[in-house]
Amino acid sequence: MTSPVDIVLAVHGGAGAISKDVISDERERDCHAALAAALRLGYAVLAKGGSSLDAVVASVCSLEDCPLFNAGRGSVLTYDARVRMDAAVMEGKDRRAGAVTNIHGVRNPVWLAREVMNSAHVFLTAEGAVEFARSVNAVFESDEYFITPERLLEWQETSASLAKTSVPAAVGTVGAVALDRDGTLAAATSTGGMVLKRWSRVGDSPVIGAGTYADNRSCAVSATGYGEIFLRAVAAHEVSSRVRHLRQDLESAVDVVLLDVQRLGGEGGMIAIDPTGNVAMRFNSEGMYRGYITGKGHLETKIW
Ligand code: ASP
């Protein structure tokens with residue numbers, strides 16, 4: 001019999017231009033509290049012997065429910081002022097994965113991604129994914145639930161100030177990575193994408209290997225940042241490949257990939273966990289909402 005592994009879980013609430021001068025003390029406190037709550041929920045799953053997959057889904061659901069982040073409730077608005085959400089999950093033992101993109105009305109996109117994982121498919125999109133959500137009795141919410149006054153204001157200001165072709169940024173994508181007692185890794189990511197996105201734009205978050213990846217032979221990764229670049233860098237899988245084939249340590253692997261992302265003109269960050277419980281939470285942007293909790297229950301959250 002193999003001895004149980006020490007559990008560990010990390011979460012992020014997005015990376016980007018999070019300026020210390022702009023963010024209020026109250027918002028800073030609320031963000032720390034939301035990250036800590038998400039960590040505790042996931043930890044509770046792991047501590048009673050639950051799977052890393054259930055843990056990352058629990059953590060990400062709580063961040064989706066929190067209006068402060070760009071996922072689920074509080075997602076950024078599209079060009080035509082709607083909410084269109086993307087999410088993915090993956091577990092590292094059998095490399096099973098599920099993802100959804102451009103969905104609407106579903107309260108917890110990450111929950112739906114796991115349902116997709118448990119179906120015969122890996123990736124469902126838009127109306128088909130919403131139809132699938134109905135078939136598995138997903139919880140639906142109205143537009144009023146998803147669209148917060150802050151996001152409406154942001155949409156008004158951004159649409160007034162932006163040339164139609166530029167790609168505006170967004171901060172607040174959420175994600176989690178975890179290691180359970182069986183030594184299985186899992187990753188989950190959920191996002192509303194970029195502010196003012198149009199043409200059914202999809203970023204890295206729901207794309208297995210780009211924004212989300214888990215493999216027990218290497219690591220579990222959840223990314224956040226300029227999705228187009230993370231897609232081109234196949235960032236999450238690249239971290240995994242470096243750990244697996246080059247035997248690079250987790251943090252160095254993440255740093256090398258982030259440097260590559262930067263060279264391609266991208267900003268953002270990644271959280272990652274390896275099978276021995278090492279955690280990396282790295283970013284090349286001003287800040288990244290992030291935190292981790294160890295098997296002994298030591299919890300830390302940070303923004304800068
Ligand atoms: N990566 C996300 C996307 O491109 C956005 C983010 O992480 O802020 O959709």
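**A tour of the ligand shell**

Begin by selecting the shell around the ligand, whose residues divide into 1 nonpolar, 7 polar and 2 charged (Ala, Val, Leu, Ile, Met, Phe, Trp, Tyr, Cys and Pro count as nonpolar, Asp, Glu, Lys and Arg as charged, and the others, Gly among them, as polar). The model is predicted, with local features requiring pLDDT of at least 70 and side-chain atom pairs pLDDT 80 or more, while totals for chains, interfaces and linings use all residues. Residues are numbered from 1 along each chain as its sequence is written, and side-chain values use heavy atoms, without hydrogens and water.

Surrounding the ligand are Ala170, Thr173, Gly193, Arg201, Gly203, Asp204, Ser205, Thr224, Gly225 and Gly227 (a heavy atom within 4 Å).

Next, display the polar contacts (pairs of N or O atoms within 3.5 Å). Select Arg201: an N or O atom of its side chain is 2.7 Å from a ligand oxygen. At Gly225, a polar backbone atom lies 2.7 Å from a ligand nitrogen. At Gly227, a polar backbone atom lies 3.1 Å from a ligand oxygen. Of the 270 Å² of accessible area that the ligand has on its own, the protein covers 100% (Shrake-Rupley method, 1.4 Å probe).

Finally, show the whole chain. Its C-alpha atoms fill a box of roughly 60 × 45 × 35 Å along the principal axes.

Key:
A polar contact is a pair of N or O atoms within 3.5 Å; within protein, one must be able to donate a hydrogen and the other to accept it, and residues adjacent in sequence count only if both atoms are side-chain atoms.
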